[in-house]
Amino acid sequence: MLYSKSAQYAIQALIGIAAKQHDAPVIISDIAQEFQIPQRFLSKIVQILANHGLVKTYRGRHGGVMLARLARDIKVSDIVEIVDGPVATRQMCVIGLDICDEEAICPFHTNWMKIRQDIQTWLDGENLENLANVVIDKRQRLRQ
């Protein structure tokens, strides 16, 4: 797994918020339903995101959640690091053979390191605004 289910849900939720957000907060239960994320789990994830300044939460009748920064300023790698923590220097083996590093390589080590670096580069270069625009475009095409 490249990142945890929590990070996956966080990315999905932030895409949903970015795609729906205009001038009013987005209701967490709407995001949970749309992306089929357990609402209690999503609430915990949103709290983590709020504690790290990615979202602002609002209580009350018109409450919900909004992005705390512009979507274009939130990188996917930021989201993954907030939820999962920093990328470890010693990684688990991609085929489950314990730790895999330069001193104790697995059969896939050389290829996997290149793939992992490519993924990290993509996560560092991709922002929430781009992902939300793709989702919005996809929804519009599906409605036609």
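K114 and D118 both sit in helix α5 (residues 109-125), four residues apart, or about one turn of the helix. An α-helix has 3.6 residues a turn, so residues three or four places apart point the same way. K114 and D118 form a salt bridge, with the closest N and O atoms 2.8 Å apart. K114 is exposed, with a relative accessible area of 52%. D118 counts as partly exposed, at 40%. The model is predicted.

**Salt bridges**

How many salt bridges does a search of the whole structure find? The search finds five. The table lists some of them.

| Pair | Closest N to O |
|---|---|
| K114 and D118 | 2.8 Å |
| R69 and D78 | 3.5 Å |

R139 and E34 link distant parts of the chain. R139 belongs to helix α6 and E34 to helix α2, 105 residues apart. R139 is partly exposed, with a relative accessible area of 23%. E34 is also partly exposed, with 29%. Together with K20, these residues make a network: K20, E34 and R139 are linked by salt bridges.

Now the R69 and D78 pair. R69 is partly exposed, with a relative accessible area of 34%. D78 counts as partly exposed at 22%.

**Helix α1 and its partner**

Helix α1 (residues 5-20) has 16 residues. From its first C-alpha to its last, α1 reaches 22 Å, close to the 22 Å expected at 1.5 Å a residue. Is α1 largely enclosed or largely open? In α1, 13 of the 16 residues are buried, so the helix is largely enclosed by the rest of the structure.

Two packed helices are described by the angle between their axes and the distance between the axes. For α1 and helix α6 (residues 128-143), the angle is about 70 degrees and the axes are 8 Å apart. The two helices are therefore roughly perpendicular to each other. On the α1 side, L14, I15, A18 and A19 take part in the contact. They meet L128, L131, A132, V135, I136 and R139 in α6. By class, this contact has nine nonpolar, no polar and one charged residues.

**Two single residues**

S77 lies in helix α4 (residues 76-84). S77 counts as buried, at 7% relative accessibility. Leaving aside neighbours within four places in sequence, S77 is in contact with Q120, L123 and D124.

Q36 is in the loop between α2 (28-35) and α3 (39-51). Q36 is exposed, with a relative accessible area of 70%. Most residues other than glycine have a negative phi. The phi of Q36 is positive, near 55 degrees.

Notes: Residues numbered from 1 in each chain as written. Predicted model: local features only at pLDDT ≥ 70, side-chain atom pairs only at ≥ 80, totals over all residues. Heavy atoms only, no water. Buried < 20%, exposed > 50% of the residue type's maximum accessible area, 1.4 Å probe, protein only. Expected span 1.5 Å × (residues − 1). Contact = heavy atoms within 4.5 Å. Axes fitted to C-alpha atoms, helices over the stretch in contact; angles between N-to-C directions. Parallel < 35°, antiparallel > 145°, perpendicular 65-115°, else oblique. Nonpolar A, V, L, I, M, F, W, Y, C, P; charged D, E, K, R; others polar. Salt bridge = Lys/Arg side-chain N within 4 Å of Asp/Glu carboxyl O.
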